[in-house]
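Okay, everyone, thanks for coming. Let me put the sequence and the model up, and then we'll walk through it together.

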Amino acid sequence: MGRHGWQGDARRWRLTALVGVAMAALALVLTMLTLPDGERGSTAGTTPDGDKVYGTPAPTNGDARPEVGWGFTHTQYSGNEGDDAAVGRLQKLLADRPRPLPQIQHVMGWGAGNPEPVKGRYDFEAMDHRMDFIRATKGTPVVTLCCAPDWMKGGKSGSDNTDWSQDSLETAPRPEHFDDYAALAATVAKRYPDVRHFLVWNEFKGFWNSAEARWDYEGYTKFYNLVYQALKKVDKDIQVGGPYLVIDSVDPRGSDGGSDSVEGPWGRLDKRSLDAFRYWNKHKDGADFVVVDGASYTEDDELLPDEFGATDKFTAVGRWVREQTGGLPLWWAEYYVEPGDRQDNRDDWAEERRVAVHASGLMAMARGGATSGFYWNPQKRDGDCAGCLWSPTQSADGGREKPMLNLLARFSDAFPPGTRYEKVDVAEDDAPNVRVLADDKTVLVVNTLDRKISAKVDGKRFDMAGYEVKWLSR
């Protein structure tokens, strides 16, 4: 009877056996995925479908343009969390602008988690929250493709193994993982189809040739090209820019490391930066726009000849870059006009002075041909926040406009991409004391002195308080 039963139920037995084997194999796979093993690591909190479209993407209104205008970058703390009333107040404040501000979010760090802790397993929860905020404020979303999961740069795999130290975060992927990072970039593009603009990496972090004391521009360019190709395969109309290189400057009186081709009272451009830019520009597979960043002060934190004159560096850099690229749209991913302390805090200036010098910086970038620029928002959770765009949303009374947001938003409204700038008459005696930018509708005037003046600009005479920023209608 037994043998008869075994043969008579052979088909059912084989099916049961196969199911059992499959279940055992699945259990083994799940065990390998969820238990750290020194190789793969934990996948807790991750999902395999990272490229699944998240939420409700904002309408893209057709093909993207390579210029987005003037906006800001989200950093470690931002306005997407805190008191509900404060967050809502800030969202409304940003959304109700005539031109909602474009906003940059990095894919890892600066408020975003490790996007791919284990190869093929994704965690976009923190980035999803940032995208929710950008969508709610009607901003144009921009993604900076930096930084890289640990396993791509020699670290441990696993959602419990992310090393958030600065040294680790600023390490570039190893060359054997360039393709993996390009695949991650494609996953991000598929997850957020309303992101039409991508910056490839951040400030050449980890791309340094120690043996030759110069940038590893060959390695970065190879990396850039692979990411560029991957994004274009997702959608040929995605806009991609690089090299996001820091354009440093040195004291004009020195001779070491400075370029003779681009210089002024503000300093001389670091030759290593120009060499890196030239190589990328010559060997890139393509670019829809070009990205740089930098400070008006020198590598030694000198503001030459003063804090306002130093911003002329942005004009000189912009004109040089545009000449090199044949006129590609120019973005400043970051710009700085106030040297920081050892903790990178910039709170030594009064807010009036800070706003005035930043206005001068924005003017200088525009004069250099830039059509897009981003303020690095130094947001904090609470307390005083020098230079922040809004009051901290952790407070029920937070989410309110601060002077830097007022400047940035008004500049964005007045001088969007496509603006045709016009010459403005300034009285001869007043010219050394004011900075001016204008189109056919608006004149922006900045008093560069910390005292009251009377100025005649565009045929109008008016008083200005110390460091005042004044907007005139034409």
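Let me start with a quick one: is Cys147 buried or exposed? Cys147 counts as buried, because its relative accessibility is 0%. By buried I mean under 20% relative accessible area, with exposed being over 50% and partly exposed in between, using a 1.4 Å probe and protein chains only.

Some housekeeping. This is a predicted model, so local features need pLDDT of at least 70 and side-chain atom pairs count only at pLDDT 80 or more, while totals for chains, interfaces and linings use all residues. Residues are numbered from 1 along each chain as its sequence is written, and side-chain values use heavy atoms, with hydrogens and water left out.

Now, the barrel. Eight strands close up in the order E1-E2-E3-E4-E7-E11-E12-E13, with parallel pairing. The twist from one strand to the next averages 25 degrees. Strands here are DSSP E runs of at least two residues, helices are H or I runs of at least four, and both are numbered from the N terminus. Two strands pair if DSSP finds at least two bridges between them.

Take two of those pairs. Strand E3, residues 141–145, runs parallel to E4, residues 197–200, and four bridges join them; Leu145 has Val200 as its bridge partner in E4. Over at E11, residues 289–295, six bridges link that strand to E12, again parallel, and Val291 stands opposite Trp331 in E12. Strand E12 itself, residues 330–336, is largely enclosed by the rest of the structure, because seven of its seven residues are buried.

Next, helix H4, residues 125–136. H4 lies across strands E2 (103–106) and E3, at about 175 degrees to E2. Those angles run from 0 to 180 degrees between N-to-C directions, with axes fitted to C-alpha atoms, for helices over the stretch in contact. The buried residues of H4 include Met127, Met131, Phe133 and Ile134, but also Asp128, Arg130 and Arg135. What covers them includes helix H3 (84–95), E2, E3 and helix H6 (178–191). Just after H4, Lys138 takes a positive phi of about 65 degrees.

Back to the cysteines. There are two disulfides, and a disulfide here is a pair of cysteine sulfur atoms within 2.5 Å. Cys146 is joined to Cys147, S to S 2.4 Å. The torsion about that S-S bond is about 55 degrees, so the disulfide is right-handed. Cys146 is also at 0% relative accessibility, so it counts as buried. The other disulfide joins Cys385 to Cys388, S to S 1.3 Å, and both of those cysteines are buried.

Last stop, the inside. Which residues touch the most other members of the largest nonpolar core? They are Tyr181 and Trp201, in a core of 112 residues. Helix H10, residues 351–367, gives the most to this core, with nine residues. A nonpolar core means buried Ala, Val, Leu, Ile, Met, Phe, Trp, Tyr and Cys residues joined through side-chain atoms within 4.5 Å. There is also a second, separate core of 12 residues, with Val434, Val436, Val445 and Val457 among them.

Tyr181 ties a few of these topics together. Beyond its neighbours within four places in sequence, Tyr181 is in contact (heavy atoms within 4.5 Å) with residues including Leu145, Cys146, Cys147 and Trp201.
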